[in-house]
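Please read it beside the sequence and the coordinates.

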Amino acid sequence: MEDFYQLAHAFMHHDLVTLSDPKMAFMVCGVLLTFLVLENGFIPTAFLPGDSLLLLTGVLIYQEVLSLWVVPLLILATFVGTWLGYMQGRLLGHTRTYHRLMSHMDEKHKQKVFYLLDKYGILTLITARYIAFVRTVYPYIVGATEIPQGRFLMVNLVSSILWVSPLVSLGYYLSHTRLAAQYETQFLSIILYLPLVLLAAGLLALLWRTLLRRKRAPGRLPQ
């Protein structure tokens, strides 16, 4: 627990020296990988930040907190998370558990997935990667429709590469810009705090939907 406190303290104070410590860097890598698996593979955690974490990774690579070797690991985490979502859809697609999980997603996100699948087929996983929440619900629906796993795994790998690599590269490129150098403190603050802001917003949205769902639910009959 103390290590996580030190990690949070280093992020809050932009302490790149502490973050560059191998132990701290290992923890940062572990958090990134865990978040990507959860965000891509499990509907209850679809609110976790994904895109902003990849941008942050690019900045941390530029700052020499992380090495380039983290990129293949992020691709693997994304691939595994999406595959887990596919397997849940395949195994639970005709059960109440599946429908209970799907009820956590907004109807507009589900309709977006059905639209993309109907129009472009499984290749739309590449497009779905860049749409928050849609990239989480997509593999569930694909698995439930029993699309062959071999075909899905191929598209999953390609889409994982085409999602992780460009966003990490963008974060790395932005770190090179004159504006980032001129306003380094402000730039780091935005990049470091953006995932936290998005995480808080996702939690609030999830809480709000839960409260609305309970409010709309019919009351229990008195016994």
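## Overall fold

Helices, as counted here, are DSSP runs (H or I) of at least four residues, strands are runs (E) of at least two, and both are numbered from the N terminus. On that basis the secondary structure of this predicted model comes to twelve helices and zero strands, and the chain, read along its sequence, follows the pattern α-α-α-α-α-α-α-α-α-α-α-α. The radius of gyration is 19 Å, close to the 17 Å that the globule rule gives for 223 residues, so the chain is as compact as a globular protein of that length.

The C-alpha trace spans about 60 × 50 × 30 Å along its principal axes, and buried residues make up 43% of the 223 residues. Among the contacts with a separation of 6 or more, 77% are accounted for by residues 24 or more positions apart. The accessible surface comes to about 12,800 Å², and carbon and sulfur atoms contribute 68% of that area.

## Annotated transmembrane regions

An unreviewed UniProt entry places the feature "transmembrane region" at residues 24–48, 68–92, 113–132, 152–175 and 187–208. Two of these spans can be set beside the model. Residues 152–175 are 100% helix and 0% strand, with their end C-alpha atoms 35 Å apart, whereas residues 24–48 are 72% helix and 0% strand, with their end C-alpha atoms lying 21 Å apart.

The side chain of serine 160 makes a polar contact, at 2.9 Å, with the side chain of arginine 129. Once neighbours within four places in sequence are left aside, serine 160 is in contact with Ile75, Thr78, Phe79 and Arg129.

Isoleucine 161 also has its place in helix H10, but it counts as partly exposed, at 36% relative accessibility. With neighbours within four places in sequence again left aside, isoleucine 161 is in contact with Ile75 and Pro166. Isoleucine 161 and valine 71 are 90 residues apart in sequence, yet their C-alpha atoms are 9.2 Å apart in space.

## Aromatic pairs

How many aromatic pairs does the structure hold? There are two. In one of them, the rings of tyrosine 62 and tyrosine 172 have their centres 5.8 Å apart and their planes at 80°, so the pair is edge-to-face. This pair links distant parts of the chain, since tyrosine 62 lies in helix H4 (residues 51–62) and tyrosine 172 in helix H10, 110 residues apart. Tyrosine 62 is partly exposed, with a relative accessible area of 32%, and tyrosine 172 is likewise partly exposed, at 35%.

The aromatic pair formed by tyrosine 86 and phenylalanine 152 is stacked, with 4.3 Å from centre to centre and 15° between the planes. Because tyrosine 86 lies in helix H5 (residues 70–92) and phenylalanine 152 in helix H10, the pair ties together parts of the chain that are 66 residues apart in sequence. Tyrosine 86 is buried, with a relative accessible area of 0%, and phenylalanine 152 counts as buried at 0% relative accessibility.

How values were computed: Residues are numbered from 1 along each chain as its sequence is written. This is a predicted model: local features need pLDDT of at least 70, side-chain atom pairs count only at pLDDT 80 or more; totals for chains, interfaces and linings use all residues. Side-chain values use heavy atoms; hydrogens and water are left out. A polar contact is a pair of N or O atoms within 3.5 Å; within protein, one must be able to donate a hydrogen and the other to accept it, and residues adjacent in sequence count only if both atoms are side-chain atoms. Contact means heavy atoms within 4.5 Å. Rings of Phe, Tyr and Trp (its six-membered ring) pair if their centres lie within 6.5 Å; planes under 30 degrees apart count as stacked, over 60 as edge-to-face and the rest as tilted. Buried means under 20% relative accessible area, exposed over 50%, partly exposed in between (1.4 Å probe, protein chains only). UniProt positions are given in the numbering used here, feature names are shortened, and annotations may be inferred rather than shown by experiment. The radius of gyration is taken over C-alpha atoms; the globule rule is 2.2 Å times the number of residues to the power 0.38. Accessible areas come from the Shrake-Rupley method with a 1.4 Å probe; for residues, only the protein chains shown count as cover.
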